[in-house]
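Me: I'm new to this one. Could you walk me through it with a few questions and answers?

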Amino acid sequence: MSAGQTTAGAPPAAEDELLAHFEALVASGETVEPRDWMPDGYRRMLLRQIAQHAHSEIIGMQPEGAWLTRAPSLHRKSVLIAKVQDEAGHGLYLYSAAETLGADRADLLDALHRGQQRFAATFNHPALTWADTGAIAWLTDGAAVINQAPLCRTSYGPYARAMRRVCQEEAFHVRQGYDLMRALCEGTPEQRRMAQDAVDRWWLPAVALMFGPPDTEAGGADARTAALGAAVSRRAIAWGIKHHTNDELRQRFVDQCVPQAERLGLTLPDPAIRWNEERGHYDFTPVDWETYRDALGDDTHWARQRVAHRRAAHEDGAWVREAAAAYAAREDAGVPPAGTGAAGIAADRTEAAA
Amino acid sequence: MSRGREGAPASWEVFVRPRRGLAHQHVGSVRADDADTALGRARDLYVRRGDPLSLWVVRSDSVHAVSPDERDPYFSTARHKPYRYPEQFAPLTQEGPDGDHDQ
Amino acid sequence: MTTTSDTAPAARAVRAGARTGAARADASRTGADLAVLLLRLGDDALVLGQRLCQWITRAPTIEEDLALSNIALDLVGHARTLLTLSGRLDGTGRTEDDLAFTRQDREFTNALLTELPNGDFAATVARQLAYTHYASLYYEALAGCADPDLAGFGARAAKEVAFHRRHADDWTLRLGLGTPESTRRMRAGLERVWPYTAELFDEDDVVRRLAAAGTVPSPAPLRPLWERRVGEVVARAGLTVPAPRWQARGGRVGLHTEEFGPLVAELQSVHRQFPGGTW
């Protein structure tokens with residue numbers, strides 16, 4: 001909830017006048033702030049995007065979090081703890097931003113736990129080896145940074161401010177991931193094999209799922225999908241929520257990763273990758289979105305596992321949250337702390353014996 | 001009253017003084033049932049990096065704000081009073097309108 | 001936030017030790033003794049940090065995931081410094097990673113308290129309460145050591161642990177006074193961990209020699225103050241400090257609980273799968 005949010009009704013102006021004012025504001029590159037009038041579609045699109053992003057951060061803690069206890073050096077353990085911690089933080093920044101749009105954090109978490117709101121399907125991939133933690137950070141966080149850097153200038157103020165924090169911190173994630181992979185590539189043949197195997201498994205989730213469906217024909221969409229995707233993207237771009245198509249960002253990601261992989265001596269698992277002099281970009285296999293989403297969609301073993309893990313933590317913690325609330329209510333009511341006298345201790349003993 | 005809607009903990013606005021010489025800046029919000037917890041959470045969330053000088057939390061519902069309907073009466077009067085701005089007046093030096101800023 | 005005004009006695013104890021101790025102890029003996037002591041402290045931090053890592057993504061709130069990972073991160077940091085210092089002093093030249101990832105279970109010398117399985121959140125809070133109050137006192141005492149490395153570590157770690165202690169205190173109060181269920185669980189948590197607290201303050205020949213030489217203070221004299229501080233928090237939480245009829249011991253000589261084996265296996269699994277690996 002943002003400071004001073006009020007329930008005051010919109011000023012008595014006609015809807016189209018408000019809309020014109022709103023669109024002019026966005027077109028001039030100004031920021032929309034929580035109490036400004038905004039079209040319902042804008043609010044809904046933002047909420048969906050911010051919630052999905054927040055959920056992705058929280059669910060994204062799991063594949064890497066599973067390796068915290070097994071990190072092979074204390075330095076790497078520290079780095080991984082700091083990274084997973086940042087992800088929790090990013091989730092919280094984003095939930096706060098979503099709350100300025102009138103959503104309630106408890107409802108958002110509920111929607112995640114019930115499978116009603118999505119998170120990036122990338123994280124439905126299992127992290128099978130230590131090298132996966134490096135590949136996730138280098139590739140999926142690398143993709144995230146490319147996706148998110150333009151969001152630092154997104155039209156909605158609280159979202160843009162949250163994203164500036166996220167991006168600053170995310171840069172460390174990518175660098176440490178690349179560094180982790182480099183250490184493996186410079187290590188024993190077994191370590192190098194582990195690194196290559198991880199890249200083989202994480203390349204597609206990053207390149208396909210982190211950027212969303214193709215929204216241009218060049219990006220591999222059929223004419224109808226491209227038109228549909230382009231329409232959604234156009235809307236988001238017009239509102240200043242997005243600044244680029246999914247496929248533009250995907251291309252930027254591939255262009256960035258190919259030379260990095262070469263420096264590491266790793267092969268990206270796409271035989272179509274080659275430099276295209278004419279385009280000034282790397283060519284790569286267009287994303288077969290439908291097939292990919294079906295294989296890694298919302299109802300796979302890992303998708304269920306991720307949500308179940310999250311839900312279990314939430315349910316197991318219910319009594320703790322209730323206790324914190326009860327304590328605060330009691331403090332607010334000015335109830336003197338119990339157990340300060342002999343009576344308290346005696347009662348404690350009696351209850352323990354009972 | 002420590003509960004927000006839907007039984008969620010209350011919302012608190014977080015302010016940090018990042019370094020000497022600066023005012024506290026609003027950095028975001030946290031949810032917590034009480035002030036001590038809010039401070040701890042604000043620290044964990046907003047000062048993982050950097051070494052700020054101080055940290056405030058304020059209950060979000062304690063912030064009183066001008067309602068959007070009243071924006072004009074509150075804020076749109078300044079442009080009709082140009083005489084409040086120095087550049088409306090003859091410069092103090094020969095260097096032109098910007099020449100006397102530091103005097 | 002509370003401030004600690006009673007840090008001075010611990011520091012004074014060190015200085016008193018330095019004056020009155022039989023400072024004739026052979027230097028290499030002292031080095032070896034110090035290596036043993038630092039390994040114990042380092043193992044405490046490492047093993048407790050490992051346990052807290054098991055909470056991350058499973059905490060009652062996302063905020064608590066953050067709080068617990070923050071504490072775990074500090075503990076791993078303490079372990080790194082302490083293990084590095086220990087490896088330098090024991091003559092083997094082992095690094096922090098050699099010590100963490102290549103020793104056998106029986107070579108770990110953490111107090112049993114730190115390896116206790118997490119249990120529910122209340123049991124973790126109870127374990128944190130006991131450990132953070134102890135670590136806070138002992139690190140403050142280390143800050144008064146003559147050795148600059150050790151003193152520097154003590155001063156830095158004491159600051160970090162002060163925040164962990166606040167976290168433990170806050171939760172002890174909230175769970176103790178919260179709901180009937182949280183009160184019951186907090187009481188059970190305290191009952192569960194209390195038999196493991198005495199070991200933190202144990203003295204053996206190593207500790208006695210170091211204290212006598214004025215190198216490092218013994219934790220034993222800190223116990224009354226620890227009891228008072230922890231007792232205050234527990235009383236404010238409406239609970240009573242358990243008075244267990246038995247005290248568990250053995251960690252300092254490598255006799256661990258059965259739950260410790262899996263913890264070490266998990267800790268070392270990747271490192272051991274890649275002999276000669278660089279990370």
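Me: How many of the eight residues of strand β2 (residues 25-32) of chain B are buried?
Reply: This is a predicted model, where local features need pLDDT of at least 70, side-chain atom pairs count only at pLDDT 80 or more, and totals for chains, interfaces and linings use all residues. Residues are numbered from 1 along each chain as its sequence is written, with chains lettered from A and ligands numbered from 1 in the order in which they are written. Buried means that 20 or more other C-beta atoms, placed from the backbone, lie within 10 Å of a residue's own. Strand β2(B), a DSSP run of E with at least two residues, is mostly covered, and the buried count is six.

Me: Which residue of β2(B) is the bridge partner of S11(B)?
Reply: Strand β1 (residues 10-17) of chain B pairs with β2(B) in the antiparallel sense over seven bridges; pairing takes at least two bridges found by DSSP. In β2(B), the partner of S11(B) is R31(B).

Me: Which helix gives the most to the side of chain C that touches chain B?
Reply: Six residues of chain C are in contact with six of chain B, contact being C-beta atoms, placed from the backbone, within 7 Å. Two elements of chain C give two or more residues, α3 (62-89) and α7 (148-177); helices are DSSP runs of H or I, at least four residues. With four residues, the top giver is α3(C).

Me: And which element gives the largest share of the side of chain A that touches chain C?
Reply: Here 49 residues of chain A are in contact with 51 residues of chain C. The largest share, twelve residues, comes from α3(A).

Terms used:
Contact = placed C-beta atoms within 7 Å. Buried ≥ 20, exposed ≤ 12 C-beta atoms within 10 Å, placed from the backbone.
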